[in-house]
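Subject: Structure for you to look at

Dear colleague,

I am passing on the structure we spoke about, and I would be glad if you could look through it before reading my notes.

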Amino acid sequence: MWFRNLTLFRFSESSAKSLKSLEDKLAEQRLRACGPQELATQGFISPYGRTEESLTHSIANYMMFTAAREDKLLPGSVVNEELSARLKKIAEKEGRKVGSKERKRLKEEVLTDLLPRAFTRLSKLNVYVAPKTGWLVLDTASRKGAEEAVTTLREALGSFPAVPMAAEESPRNLMTEWLIHGKLPAGLALGDECELRDPAETGATVRCRRQDLETDEVREHLKSGKQVFQLGLVYDDRISFTLGEDLAVRKLRFLDQVQDELGETDRDSRLAELDAIFALMTLELERLLAKFEEWFGLPRPNDKR
Amino acid sequence: MTVAENNYLELATQDGDTIKVLRRAHPRARRLRLTVTSGGAQVSYPEGTHPAQVFAFLRKHANWLERKLDELKLDQPGPPPLKPGVPTLIPLRGETTRLQWRDGPYPRVELDGERLVLSLPKPHNKHSLSAARSLLHSYLQAQIRRDVSRYLARYTPELGRAPNGVRVKPLKSLWGSLDTRDWVTLDLALALAPLDALRYVVVHELCHLRIRDHSPRFWALVGSLCPDWQEQRDWLKTSGHALKAELSRLVA
């Protein structure tokens with residue numbers, strides 16, 4: 001349940017009001033199982049597990065929910081193989097070539113026959129909202145996955161103008177400065193990985209893992225004009241992560257100091273454990289996101305003109 | 001009129017100047033077409049058109065071409081190409097700004113008062129120019145992103161809609177667009193234009209989130225958020241092409 005990645009959106013105070021009836025609104029979009037002829041369904045499930053009732057998990061200022069989708073696994077190659085088998089059969093039996101219109105119809109037929117027999121796959125995405133500070137935090141680094149989840153949320157709420165993170169200070173320039181001079185904001189330290197890229201269209205790329213970043217070999221790349229597109233960072237010795245130039249956080253890990261604070265919760269109860277982790281995680285992330293806001297300039301949408 | 005450098009036609013004007021027109025046979029073209037963009041004038045024609053027919057077409061529209069180039073301020077010879085170590089003037093946020101060069105351990109760009117200073121490691125080599133262009137590219141992008149981030153924070157609550165993301169890159173003829181996945185794309189050249197022009201383009205694209213056409217209803221919505229839209233639109237139409245040409249000098 002610890003988030004492993006972060007994609008951030010921000011919303012205004014008036015939008016936060018629409019979150020009051022979140023549980024009811026989500027219930028209208030509860031995930032249905034894929035019908036026999038459906039390719040995919042989207043909706044929400046309980047953060048505690050698919051069979052549970054409650055669709056949100058709330059503590060103090062935070063609400064967590066889980067966006068989910070069910071996809072039919074029907075590879076194109078399987079469909080094509082079945083189709084060519086049928087085409088061959090017609091050719092042998094009737095001795096004629098099949099036109100494009102009939103071919104299309106046959107393909108539809110194959111889909112209708114195969115879809116009910118295809119496997120379904122469930123994918124889940126945990127999301128939490130902080131109405132007070134206006135953050136919408138998704139546990140993914142994939143832009144597409146995040147957009148889909150936010151679109152499902154918008155459909156559930158009617159309208160929810162959450163803005164993707166657009167920083168006032170260019171994260172790329174800022175991170176390049178950090179790496180060049182080794183001077184990072186208080187509390188932040190360099191991790192052991194980075195991705196350097198030439199910003200030109202066909203830019204050369206260098207990726208380092210398990211590498212001391214304050215060495216000449218890294219500096220040499222910066223001298224030739226490469227810029228930092230991803231940087232491993234450690235915040236306060238409590239959280240380590242890789243920050244992308246699009247402000248997507250990857251490889252998020254809560255370090256021993258945080259894990260120790262979790263202590264020995266009642267491991268018997270899944271609910272109690274989830275509650276404890278969520279409380280601790282949101283608290284830690286609230287501090288980190290406040291720092292992001294300070295370093296990169298991430299204004300909250302403002303209702304007043 | 002003679003054919004020059006294979007692909008260029010030279011058109012003599014009444015006052016003795018010559019205009020270079022790029023010629024292009026286009027497999028899907030139905031008719032002769034003369035266009036003016038930031039790259040200059042271009043004539044496209046169906047494959048197999050007789051050259052004399054193209055010449056005649058150009059001669060017929062020479063006056064129009066001359067007027068258009070004049071309107072878009074593209075008929076003066078542009079400033080020299082970017083060269084490391086040679087100071088030059090560039091438009092930045094609608095102001096003419098001096099671009100200067102300095103030696104430094106790392107490639108770097110910063111605004112020093114009224115001047116934009118590009119630092120490059122010595123000695124300059126074949127990579128210096130591309131490093132400088134890349135730096136300018138990311139500097140201009142950062143400028144646009146800074147303002148767009150503020151505009152998004154201001155206008156999205158009013159509109160009740162938000163885009164899924166913003167991309168900034170050089171565009172050929174558009175200033176901005178909104179795709180079906182609700183991503184806004186903005187032209188990098190807007191970093192050279194006055195702030196008000198950028199604001200108009202952002203508002204225009206955001207309004208498309210509500211109304212996906214250019215109906216009077218759409219323009220009314222734009223007008224409610226950006227009352228001086230007409231003025232900005234006219235400015236982009238007349239002065240914008242010069243900016244696009246300038247951008248390709250700086251970062252292409």
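Below is what was found, taken by topic.

Please keep in mind throughout that this is a predicted model.

I begin with the interface, where 31 residues of chain B are in contact with 36 residues of chain A. The two chains bury about 2,700 Å² between them, and carbon and sulfur atoms give 50% of that area. On the side of chain B, the residues that lose the most area to chain A are Tyr106(B), Pro157(B) and Asn164(B), which together make up 22% of what that side buries.

The rule finds four salt bridges across this interface, and Glu169(A) and Arg146(B) meet through their side chains in a salt bridge at 3.4 Å, N to O. There are also 12 residue pairs in polar contact across the interface of chain B and chain A, both residues being at pLDDT 80 or more. Two elements of chain B, helix H3 (126-159) and helix H5 (216-225), are those that give two or more residues to the side that touches chain A; of these, H3(B) gives the most, with 16 residues. By residue type, the side of chain B that touches chain A divides into 14 nonpolar, nine polar and eight charged residues.

If neighbours within four places in sequence are left aside, the contacts of Leu186(B) include Ile144(B), Val148(B), Val166(B), Leu171(B), Trp175(B) and Val202(B).

Cys226(B) lies in the loop between H5 and helix H6 (229-251) of chain B, and counts as buried because its relative accessible area is 0%, the cut-off for buried being under 20%. Not counting residues up to four places away in sequence, Cys226(B) touches Arg199(B), Tyr200(B) and Val203(B), whereas the C-alpha atoms of Cys226(B) and Pro194(B), 32 residues apart along the chain, are separated by 15 Å.

Asp71(A), in strand S4 (residues 62-73) of chain A, is also buried, with a relative accessible area of 17%. The side chains of Asp71(A) and Arg69(A) meet in a salt bridge at 2.8 Å, N to O, and beyond its neighbours within four places in sequence Asp71(A) is in contact with Leu39(A), Ala40(A), Phe119(A), Thr120(A), Arg121(A) and Ser123(A).

Finally, the structure holds 39 salt bridges over all chains. One of them joins the side chains of Glu38(A) and Arg32(A) at 2.9 Å, N to O; Glu38(A) is partly exposed at 25% relative accessible area, and Arg32(A) is partly exposed at 48%. Arg172(A) forms another with Glu245(A), with the closest N and O atoms 3.1 Å apart. This pair links distant parts of the chain, 73 residues apart, since Arg172(A) belongs to helix H6 (residues 171-181) of chain A and Glu245(A) to the loop between strand S11 (239-244) and strand S12 (249-254). Arg172(A) counts as buried at 9% relative accessibility, while Glu245(A) is partly exposed at 30%.

With best wishes

Terms used: Residues are numbered from 1 along each chain as its sequence is written. Chains are lettered from A and ligands numbered from 1 in the order in which they are written. This is a predicted model: local features need pLDDT of at least 70, side-chain atom pairs count only at pLDDT 80 or more; totals for chains, interfaces and linings use all residues. Side-chain values use heavy atoms; hydrogens and water are left out. Contact means heavy atoms within 4.5 Å. Buried area is the accessible area (1.4 Å probe) that two parts lose on being put together, summed over both. A polar contact is a pair of N or O atoms within 3.5 Å; within protein, one must be able to donate a hydrogen and the other to accept it, and residues adjacent in sequence count only if both atoms are side-chain atoms. Helices (H or I, at least four residues) and strands (E, at least two) are DSSP runs, numbered from the N terminus. Ala, Val, Leu, Ile, Met, Phe, Trp, Tyr, Cys and Pro count as nonpolar, Asp, Glu, Lys and Arg as charged, and the others, Gly among them, as polar. Buried means under 20% relative accessible area, exposed over 50%, partly exposed in between (1.4 Å probe, protein chains only).
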